[in-house]
Amino acid sequence: MINEKKIRVMVIDDSYVMRNIIINGLSSHPRIEVVGYAINTFDAKRKIPQLNPDVITLDVEMPGQNGIDFLKEYISLHKIPVILCTSLNLKVFDALEAGAVDFIRKPSGADTTGFITILTQKVIVASCAKVRTHKSINSNNTPVANINLLGNSVSDDIIIGLGASTGGTDATLEVLKYLPADIPGMVIVQHMPAGFTKMYAERVNKLCKMEVREAKNGDEIHRGLVLIAPADYQTRIVRIGNRYTVSCTQGEKVSGHRPSVDALFQSMSEVVRCKMVGIILTGMGQDGAAGLLAMRKKGAFTIGQDEKSSVVYGMPKVAYDIGGVEVQAPVEKIADILLRQLKKMK
């Protein structure tokens with residue numbers, strides 16, 4: 001029997017305690033080998049060529065050069081997948097834009113078992129991910145395409161669902177930034193640690209034309225509003241007469257996740273009586289595939305991100321393979337495809 005090649009991991013963190021937690025935790029997994037560590041980014045630049053890691057875990061806040069500047073400078077030269085290990089910090093989204101593949105919240109207490117379990121899964125996923133570098137986006141250079149309002153050319157009777165995981169924070173923004181202010185009501189599930197969905201929604205709200213905010217139980221879905229499912233809550237759509245609201249509850253995990261794209265999409269297929277669109281973006285696994293297929297069987301128009309533009313071509317691939325995707329496209333073209341379709345859905 002041939003032994004599977006181990007994933008070579010390098011740990012960059014200025015904290016002795018956190019470095020040891022990560023090193024000891026990851027080293028206990030049979031598929032992972034921690035090949036070395038660095039105490040700051042200057043140390044990392046010297047060691048990376050020698051250690052040749054497959055994946056790097058990176059602290060964001062460090063003395064000297066921080067993790068974000070390191071990513072901007074170094075990842076464009078060395079296409080190594082990076083997982084951020086961070087506190088509850090808005091800068092994590094800058095780092096994701098700079099090219100990091102994924103992130104995890106550092107443990108706040110002594111119990112690190114859950115942290116290591118999730119980090120291990122993310123390392124395995126990152127070892128298969130594509131590293132993409134992006135230019136920073138801010139309110140001054142947000143694209144102005146499709147700035148005209150949809151107006152009466154699009155029915156008010158439409159709901160859009162979108163799901164994403166690894167690589168999805170950037171991919172979702174790539175779609176939303178091209179959409180007009182009066183886009184039909186949209187609900188988004190993005191796999192993300194607790195505490196970050198509110199910050200992500202606030203960030204996207206500043207960069208896009210429509211209102212974007214973290215969903216609360218009972219929020220009504222309406223035109224011009226994008227709701228982001230809160231971390232650790234299943235978010236489903238509920239119909240009350242002719243109105244639609246969201247239900248956010250701490251129920252069981254679905255397809256291994258809470259929130260789950262499948263939970264959202266399945267609820268849409270069951271209760272939405274108006275027109276629907278389902279969009280599935282980059283991510284590992286198959287969450288959302290079955291739900292998207294259920295939506296399509298109920299008449300929804302469905303879009304899947306293609307392999308070339310996905311950081312991890314897992315969720316959209318499964319959805320495509322089982323027949324859940326009607327149109328497959330690069331992420332940068334999805335907004336245009338969506339707008340063209342909306343104008344047909346009168």
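How many cavities of 30 Å³ or more does the count come to by this rule? The count comes to 1 cavity, where a cavity is, on a 1 Å grid over the protein atoms alone, a set of points where a 1.4 Å probe fits but cannot get out.

This is a predicted model, in which local features need pLDDT of at least 70 and side-chain atom pairs count only at pLDDT 80 or more, while totals for chains, interfaces and linings use all residues. Residues are numbered from 1 along each chain as its sequence is written, and side-chain values use heavy atoms, with hydrogens and water left out.

**View 1. The largest cavity and its lining.** About 60 Å³ of space lies in this cavity; a volume is the space filled by probe spheres set on the grid points, which are joined across faces, edges and corners. Lining residues have an atom within 4 Å of a point, and here they are Phe93, Leu96, Glu97, Thr169, Asp170, Leu173, Tyr200 and Arg203. Two or more lining residues come from each of H4, helix H6 (168-176) and helix H7 (196-207). Helices (H or I, at least four residues) and strands (E, at least two) are DSSP runs, numbered from the N terminus. By class, the lining has 4 nonpolar, 1 polar and 3 charged residues. Ala, Val, Leu, Ile, Met, Phe, Trp, Tyr, Cys and Pro count as nonpolar, Asp, Glu, Lys and Arg as charged, and the others, Gly among them, as polar.

**View 2. The contact of helix H3 (residues 67-74) with helix H4 (residues 91-98).** The two axes come within 9 Å and cross at roughly 10 degrees. Axes are lines fitted to C-alpha atoms, for helices over the stretch in contact, and angles run from 0 to 180 degrees between N-to-C directions. H3 and H4 are therefore roughly parallel to each other, a term for angles under 35 degrees. Ile68, Leu71 and Lys72 in H3 meet Lys91, Asp94, Ala95 and Ala98 in H4, contact meaning heavy atoms within 4.5 Å. The contact residues divide into 4 nonpolar, no polar and 3 charged.

**View 3. The open sheet of 5 strands.** The strand order is S2-S1-S3-S4-S5, with parallel pairing; two strands pair if DSSP finds at least two bridges between them. Strand S2 (32-38) and strand S5 (102-105) are the edge strands, each pairing on one side only. From one strand to the next, the twist averages 25 degrees. Strand S4 (residues 82-86) is joined to S5 by 4 bridges, and the bridge partner of Cys85 in S5 is Ile104. Helix H5 (residues 113-126) lies across S1, S2, S3, S4 and S5, and runs at about 175 degrees to S5.

**View 4. The open sheet of 7 strands.** Its strands follow the order S8-S9-S7-S6-S12-S13-S14 and pair in parallel. At the edges are strand S8 (211-214) and strand S14 (327-329), each of which pairs on one side only. The twist averages 20 degrees from one strand to the next. Between S8 and strand S9 (residues 225-228) there are 4 bridges, and Glu214 has Ile228 in S9 as its bridge partner. Helix H8 (residues 261-271) packs on the sheet, where it touches strand S6 (158-164), strand S7 (186-190) and strand S12 (275-280). The direction of H8 makes about 160 degrees with that of S6. Helix H11 (residues 331-342) lies across S6, S7, S12, strand S13 (301-305) and S14, and runs at about 170 degrees to S13.

View 5. The peptide bond from Arg258 to Pro259 is cis, with omega near 5 degrees.

Definitions and conventions:
Parallel < 35°, antiparallel > 145°, perpendicular 65-115°, else oblique. 1 Å grid on protein atoms, 1.4 Å probe; cavity = no way out; pocket = protein on both sides within 12 Å on 5 of 7 lines; lining within 4 Å.
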